[in-house]
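Please work through the following exercises with the sequence and the model open beside you.

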Amino acid sequence: MTVFSLPGPILLVLLLPLLFPLFRSRSARKRKSMLLELLPVLLYCVFLLLALVFHGGCGLCHQLPETGLYLSLSFGAVILCYLAALPEEERRSPAPFLLPAMTTLSGVVFLQKDHSNLFAGGGVLAGALCVSSLLHGGAYPGAYLRSFPLRLGLSALVIGALSMFGEPRLSTPGFLLAVLLASVLLLPAPLPRRTEKVLFPGFLRTDQALFVCLPPLLVFHLLRGIPAKAAIPFWPILFLGILTALSGLLFAKTALFVEELADGLTAAGTGFLIAGFLTFLPEGRNGALFLALLLPLATALSGLSLSFLSQRFRTRTFQGLSALGTNVEPLRLAFLLGAFQGMSLPVVGGLLGEWLLLKAISSVSVGVAVLAVIGVFLTFVLVVERARTLFSGESVSRLSSSDMILASEVLPSEGWALSLASLFLLALDLIGSLGLIAGG
Amino acid sequence: MYSELAVLLPSLPLFGGGLLLLVDWLRPSGHSRRAYMSLGTTAMAFVLGVWFLVHVVSSGPIFCTLPFHLPGLTDPPRWGIDRLSGVMILLITGVSAVVQTYSLRYLLSEPGYGRFFALIGVETGILLFLVTSQNLLLLFIFWQLMSLGLSLLMSHNRLRTNSVMAAHKTFIIHRIGDAFFLVALLLAERMFHTLDIQRMAALLHDSPTLVSQGSLMGMTLCLFGGCMAKSAQFPLHGWLPDTMETPTPVSALMHAGIVNIGGFLMNRTSLIFAHSPMTMHVVFIAGFLTAIFGSSTMLTQSDVKRKLGFSTMGQMGYMTMECGLGAFSLAVFHLIAHGIFKATLFLESGMGIHIAREDPVLPRGTAIEPLTPEVFRLSRILPAALVTLVLPLVILLGAHQLAGIHLSREEGTVVFLFFSWVTVSQAAISLTRARMFDSFTAAVPWTVLMVLFVFGYIQAAHRFNIFLYPDPAARSLFFASGGVGWVLFTPIVLLITGLIVVGWGVSLLRGVRGEIVLPAWVLSRQEALYLFFLNRGMLEFFVSHRLIEPFDRLTGRLRSLLPGREA
């Protein structure tokens with residue numbers, strides 16, 4: 001049986017995350033068990049991982065695209081971390097339903113094998129993001145700028161319209177530009193989306209999971225839809241990709257609130273991967289896939305650690321949080337692990353993914369590659385600067401010393417979220433550094 | 001069998017450090033016994049290093065191909081120990097073991113005692129992997145990990161804002177160099193389609209016109225940019241003097257080991273550098289500027305550790321000059337000698353400062369009136385002046401007549417002679433200041449000893465050159481590429497000699513007759529020059545106020561253009 005061009009058993013696996021609200025309510029009624037609560041999404045990830053491992057040997061798994069499996073698994077892992085960190089007390093939040101539903105939908109879209117369905121699926125997912133922004137914004141009135149759902153809707157329309165054209169047209173510069181513009185509209189920066197009036201931790205985390213972590217994967221999915229056989233690299237398009245990256249960097253550089261750092265850096269990374277992919281070289285595609293998978297996990301890890309820190313000290317500004325993380329060792333470690341990605345350091349920073357992207361860009365234009373290297377350097381400076389501000393030096397806090405000791409301890413839910421994100425990130429980087437992630 | 005066993009060598013300190021890190025994380029303790037996990041494995045690596053060096057000298061280098069591909073490269077990366085790696089392994093493990101032994105008691109009551117040793121062990125392992133990598137991308141990976149390890153070591157005490165700031169600055173400056181290195185990798189891959197260092201050199205050797213001189217120069221200059229940051233070359237030197245903020249053992253490790261890594265990279269890629277004479281000249285000029293700036297700034301600083309920091313910078317300048325002249329082996333010789341003596345000085349300075357802090361009698365009587373003029377005695381200054389001025393003549397005659405070295409044919413030997421003269425002159429001046437030359441009676445044995453030292457230095461350097469680069473064709477290629485020709489070389493040597501002679505003459509006249517013989521326009525600039533060097537060339541002021549602040553203002557203005565937020 002095939003539904004949405006997916007085999008029935010696979011569709012059942014993809015529906016697993018929808019059981020999360022049920023398990024969450026059961027877990028809340030009985031003794032709180034994080035493992036039980038997360039079981040549906042955990043099983044979803046395990047099944048996808050098994051499908052990826054046995055991709056060559058199993059007939060059912062072989063029907064699924066390898067790249068799609070990577071993308072679905074990456075988003076599943078990210079959502080797993082965010083679900084672990086969802087606060088109990090925010091009853092009005094639609095996150096327990098919204099996040100699993102988006103996981104299922106993204107799985108269905110990413111696992112489409114038919115090339116002609118890629119843009120249509122991308123359009124559906126962008127539309128779903130637009131609906132999510134309305135739902136989430138509805139639960140927290142005044143949280144989003146009015147322009148935000150509009151730009152997501154516009155992006156969905158553009159992508160939907162592109163899906164109607166045939167392959168030859170999709171490889172012309174005009175259409176590449178349209179894909180690029182639709183992608184930029186999806187990005188969390190440099191265009192703002194929040195009013196900063198709603199400050200509930202649950203709201204901010206769900207917002208990050210949906211509108212910061214998903215866009216890089218969706219953008220990569222859209223880029224896959226561009227036919228490679230007729231495509232030729234155009235350096236102005238690469239330049240636009242790098243320009244997007246630099247504008248994201250500018251957003252992160254001028255960030256006042258900790259969440260804005262993740263917004264800017266994710267946008268910067270996505271601009272970089274767009275430029276690398278649009279070289280249409282194997283290195284560019286592989287590097288872009290590697291980066292697309294790493295970015296959401298790195299955002300989850302560093303974003304969640306900053307979110308936990310700001311929740312402890314009741315402030316969201318960098319200035320307010322200055323040196324307050326020095327004594328919270330686990331959060332410091334988690335932030336650094338996530339931030340290494342921004343520093344593009346080897347072993348934990350996706351250096352070799354960036355190397356592939358730079359190699360591909362330099363084959364088309366050395367000038368654009370030099371610009372990209374400057375961007376990589378500026379990202380590094382920014383991340384190091386932020387890490388130093390938040391996690392070193394003598395803290396000046398109004399908390400008493402006993403409260404500081406309490407603040408330095410990590411709650412079980414926080415531990416789960418950070419451990420899962422670290423584990424996935426390190427595993428992914430190791431696999432990618434050994435050259436085992438290829439596709440796109 | 002040797003190649004499999006050789007992989008163990010860099011893994012040893014890495015394993016020791018990693019294990020200690022894990023143990024310390026699980027059960028933190030400040031007991032010194034734990035430190036032996038890292039120290040022991042480092043010492044074992046040193047012993048193994050001696051064994052492998054002997055094996056490499058007798059049976060040739062050990063190479064192995066790693067069982068994986070790095071992304072984007074067709075060849076699997078190679079790894080191995082040759083003579084250069086063997087020598088560097090001994091230097092790194094030796095200095096690391098000494099520094100760790102010193103730290104056993106020095107840091108005993110410090111928080112994070114175990115973590116410190118773990119980090120040193122890991123950093124030593126990374127350095128060993130770096131010097132044994134035969135592929136530029138693999139080397140680059142360890143090159144960056146080294147920066148990360150160094151930054152973690154420097155910010156060991158996170159509560160000390162100054163050391164964290166110094167670590168931050170070091171990391172950023174190193175990253176500037178890394179950006180150049182990355183561009184060099186991209187260019188090299190485009191030109192050679194491989195990043196295996198030996199293959200690149202072989203391709204250039206077989207067909208020197210394979211790549212254009214412009215492209216090769218661009219690539220080698222970018223590679224040199226990477227070396228500049230790590231070896232504190234002007235203007236990427238700002239991180240080195242700030243190491244005074246870090247624990248003394250870290251300073252020692254940095255000045256004796258890590259800072260030399262730029263010189264190592266130039267040596268590792270010497271067969272590529274040698275095909276671009278223009279790059280060699282740029283390297284020489286950069287080294288020359290660094291040596292002048294570092295040594296001059298050192299004279300104006302009052303802090304002992306900062307003084308040593310600038311002294312290291314000057315020495316790194318000399319080392320780079322040697323590479324620029326084609327005397328690559330001399331640079332390695334220099335970095336080993338410098339590594340050993342600078343480690344000693346730093347560890348001594350740490351103890352000295354520690355003792356001075358606890359000594360209630362300080363400052364001593366002689367230091368109370370520093371402005372009191374000393375009585376001039378010719379016997380104090382003349383022997384040193386004679387050593388500096390007469391020695392070159394002795395060297396030239398000795399080399400020509402006794403050793404049978406024909407200077408007109410051996411440009412490399414002249415380079416060796418020149419550097420031995422500079423070294424001995426420095427020693428003579430230092431001894432004069434330390435009042436070792438107070439009388440002619442004391443000066444005579446010292447002078448004789450120095451003459452012997454010069455010939456020993458030349459012999460050792462010459463033999464080391466043959467040891468490190470046994471291929472005579474490679475040696476002559478280096479000197480041919482780094483040479484500027486006798487037409488330019490002779491006036492440079494004469495000019496420098498003239499400057500030294502005039503300098504001594506001025507000092508002598510000032511001492512004997514008590515009169516200032518310098519023209520007024522020189523004197524008027526003396527104070528400005530002193531302030532310039534005292535403020536470390538105003539470079540930090542320039543970077544902070546002319547680059548970073550305008551950049552921040554610009555980004556603020558650009559952000560204000562976006563909707564939803566004011567700047």
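**Exercise 1. Determine whether D263(A) is buried or exposed, and find which residue forms a salt bridge with D263(A).**

Step 1. D263(A) has a relative accessibility of 3% and therefore counts as buried, where buried means under 20% relative accessible area, exposed over 50%, and partly exposed in between, with a 1.4 Å probe and protein chains only. This is a predicted model, in which local features need pLDDT of at least 70 and side-chain atom pairs count only at pLDDT 80 or more, while totals for chains, interfaces and linings use all residues. Residues are numbered from 1 along each chain as its sequence is written, chains are lettered from A and ligands numbered from 1 in the order in which they are written, and side-chain values use heavy atoms, with hydrogens and water left out.

Step 2. The partner is R193(A), whose closest N atom lies 3.2 Å from an O atom of D263(A); a salt bridge here is a side-chain nitrogen of Lys or Arg within 4 Å of a carboxyl oxygen of Asp or Glu.

Step 3. Because R193(A) lies in the loop between α10 (173–186) and α11 (201–224) of chain A, and D263(A) in helix α13 (residues 258–277) of chain A, the pair ties together parts that are 70 residues apart in sequence. R193(A) is buried as well, with a relative accessible area of 3%.

Step 4. Helices are DSSP runs of H or I with at least four residues, and strands are runs of E with at least two, both numbered from the N terminus.

**Exercise 2. Describe helix α6 of chain B: how many residues does it have, and how many of them are buried?**

Step 1. The helix covers residues 161–192, which is 32 residues, and reaches 46 Å from its first C-alpha to its last, close to the 46 Å expected at 1.5 Å a residue; the expected span is 1.5 Å times one less than the number of residues.

Step 2. Of its 32 residues, 24 are buried, and α6(B) is thus mostly covered. Just after α6(B), H193(B) takes a positive phi of about 60°.

**Exercise 3. Summarise chain A as a whole: what is its secondary structure, and what share of its residues is buried?**

Step 1. Chain A has 19 helices and two strands, and 63% of its 440 residues count as buried.

Step 2. Among contacts with a separation of 6 or more in chain A, 81% come from residues 24 or more positions apart, a contact meaning heavy atoms within 4.5 Å.
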